[in-house]
Amino acid sequence: MEDIFVVKRCNKIIIHGRRAGETGHPPPDATVWYRIADTRTQDFIGDGFDVEADARHECQRLNSTSQVLARQG
């Protein structure tokens, strides 16, 4: 059976704020985060993950639960 939930790597830009009176501020940081996508709807579910291993673990949990429900249903 094909996996329903997959991990997608997404770009994340962190903008650093500037307080009143500050003339310079650090440039934005480019980094990545990981989200779980539903392949049936192409929508993202849940919150994002900073660590890919955490996202993969949650993805495996969701896929195993959905396979059990499909067999019962």
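Reader: OK, what's the mean pLDDT of the protein chain?
Author: The mean is 88, and 90% of the residues reach 70 or more. pLDDT is the predictor's confidence in each residue, from 0 to 100. Where pLDDT is low, the predicted coordinates should not be read in detail.

Reader: Which element has the lowest mean pLDDT?
Author: That's helix H1 (residues 52-72), with 86, while S2 has the highest, 95. Helices (H or I, at least four residues) and strands (E, at least two) are DSSP runs, numbered from the N terminus.

Reader: Now the sheet. In what order do the strands come?
Author: The order is S1-S2-S3, in an open, antiparallel sheet of three strands. Strands S1 (5-14) and S3 (44-49) are at the edges with a single partner strand each, so one side of each has no neighbour in the sheet. Two strands pair if DSSP finds at least two bridges between them.

Reader: How many bridges join S1 to S2?
Author: 10, with S2 covering residues 29-38. Val6 stands opposite Ala37 in S2.

Reader: And S2 with S3?
Author: Those two pair over three bridges, with Ile36 opposite Ile45 in S3. They form a hairpin with five residues between them, and Gln42 in the turn has a positive phi of about 65°.

Reader: Back to Asp38: buried or exposed?
Author: Asp38, which is in strand S2, counts as buried because its relative accessibility is 8%. Buried is under 20% relative accessible area, exposed over 50%, partly exposed in between (1.4 Å probe, protein chains only). Aside from neighbours within four places in sequence, Asp38 is in contact with Ile4, Phe5 and Asp43.

Reader: Last one, which residues make up the largest nonpolar core?
Author: Eight of them: Ile4, Phe5, Val7, Tyr34, Ile36, Ala55, Cys59 and Leu62. H1 gives the largest share, three residues. A nonpolar core is a set of buried Ala, Val, Leu, Ile, Met, Phe, Trp, Tyr and Cys residues joined through side-chain atoms within 4.5 Å.

Conventions. Residues are numbered from 1 along each chain as its sequence is written. This is a predicted model: local features need pLDDT of at least 70, side-chain atom pairs count only at pLDDT 80 or more; totals for chains, interfaces and linings use all residues. Side-chain values use heavy atoms; hydrogens and water are left out. Contact means heavy atoms within 4.5 Å.
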